[in-house]
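Please read the numbered points alongside the sequence and the model.

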Amino acid sequence: MSFFENSLHNPPKHRAKIIIFALVLFAFFNLSGPQASISQGIYKNKTDCQCVVFRLDDIQDNFLNRSQLAVMNLFLEKNQSLTLALILNALGNDTTVLNKVRFGYELGNFELASHGWNHENFSKLNEQDQVDLLRKANEKMHRIFGVYSTIFIPPLYEFNNSTLDAARQVGINVFSSLDKYYEHRNQSGLITHGIHSDPVHGENILHFPTTLQYSYFDGARWNTYSVQQSLQSIHESISSYGYAVVTLHPQGFVNLLNNNLTNSVNSTQIKNLAEIIDSINSENIHTTSFYKLGGINNKSMGEANNLSTDTNHKMVPNQ
Ligand SMILES: [Zn+2]
């Protein structure tokens, strides 16, 4: 059975309903406008959002924390949106990081997302273990910051069908992996374009993958794209999907010593990131959060999903 195969979620007794649902959707879109497409479900035209989600991964205690703080401070100084991928079992003691995350979250600039319990490869775990880890991570987030998140950022970009099922069980409705992860599996059609018009009642998962890994590990060392390369990638992504997701890592903003990471901030890298933000802002491309990109009211989502006890797991058509 191939990865992501839709029939995994659609046992035979549900298929007739799904076909009828699809036909109704098709009729609706034929009446409502020529640009609507059935392939992505109920989404508005992708040109709605000329926007970029910046994602800072691997937020945790005592790990290159000067770099974590420098990136967070840049987004605060520029009053821009930043999504933080929290490794929950590794977070809770480093007050410099905790206070900054809390400050930015309460100000409304930072969006919080789960990045697993111990940065696990979820695709290697069974569904129940995945449910348990997603739940544990979110409960820890609630203990520290008083909020649950319905956004999951799979560690190592890895996930599978069981992860999607596990996510639905705990009320997660946004995934951010990597665009190439879908391309390599011929599943680019799952990537969500623009805004979902009915995210509260739908149980679909919105897929907003990274479209630019600003810094990346090539097996030997961390590399970072230039400002020009990054801007080109952002523009290409916006023309393909209506948005771009730029993933940042603390490892990309530190000085190296003999090719080893040090906890000292590389000011050139911070300056380059600032230049990227200024450049897109000057073109009226704005930074945003996954919730805004998906048209999700995070307050109501947080309350609507009982993350501890939800067992009402319905089979729904994959988008
Ligand atoms: Zn990570």
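1. A residue is called buried if 20 or more other C-beta atoms lie within 10 Å of its own, exposed if 12 or fewer, and partly exposed in between, with C-beta atoms placed from the backbone. Helices (H or I, at least four residues) and strands (E, at least two) are DSSP runs, numbered from the N terminus. On the exposed side of helix α8 are Ser267, Thr268, Lys271, Asp278 and Ser282.

2. The model is predicted: local features need pLDDT of at least 70, side-chain atom pairs count only at pLDDT 80 or more, and totals for chains, interfaces and linings use all residues. Residues are numbered from 1 along each chain as its sequence is written.

3. On confidence, pLDDT is the predictor's confidence in each residue, from 0 to 100. The protein chain has a mean pLDDT of 82, with 75% of its residues at 70 or more. Across residues 5-43 the pLDDT stays under 50, and the model has 35 contacts for them beyond four places in sequence; two residues are in contact if their C-beta atoms, placed from the backbone, lie within 7 Å. Residues 300-319 also have pLDDT below 50, and this stretch has 37 contacts beyond near neighbours in sequence in the model. Where pLDDT is low, the predicted coordinates should not be read in detail.

4. As to overall organisation, the protein chain contains ten helices and 13 strands. Of its 319 residues, 39% are buried. Among contacts with a separation of 6 or more, 79% join residues 24 or more positions apart.

5. A nonpolar core is a set of buried Ala, Val, Leu, Ile, Met, Phe, Trp, Tyr and Cys residues joined through C-beta atoms within 7 Å. The largest such core has 63 residues, and those with the most contacts inside it are Val52, Ile59, Leu84, Leu86, Leu134, Tyr243 and Val246. Strand β1 supplies the largest share of this core, six residues. Leaving aside neighbours within four places in sequence, the contacts of Leu84 include Leu56, Ile59, Val101 and Phe110.

6. Which residues of α8 are buried? They are Gln269, Leu273, Ile276 and Ile280. Seen down the axis of α8, these buried residues fall within an arc of 55° (taken over the directions from the helix axis to the C-beta atoms), so they line one face of the helix. They pack against β1 (51-59), α2 (65-77), β9 (222-224) and α7 (227-241).

7. Strands β11 (residues 254-257) and β12 (residues 260-265) run antiparallel and are joined by three bridges; strands pair if DSSP finds at least two bridges between them. Leu257 has Asn260 of β12 as its bridge partner. The two strands form a hairpin with two residues between them, and Asn258 in the turn has a positive phi of about 55°.

8. Most residues other than glycine have a negative phi, and most peptide bonds are trans. Asn62, in the loop between β1 and α2, has a positive phi of about 50°. With 12 C-beta neighbours inside 10 Å, Asn62 counts as exposed. Asn284, in the loop between α8 and β13 (286-287), has a positive phi of about 60°. With 7 C-beta neighbours inside 10 Å, Asn284 also counts as exposed.
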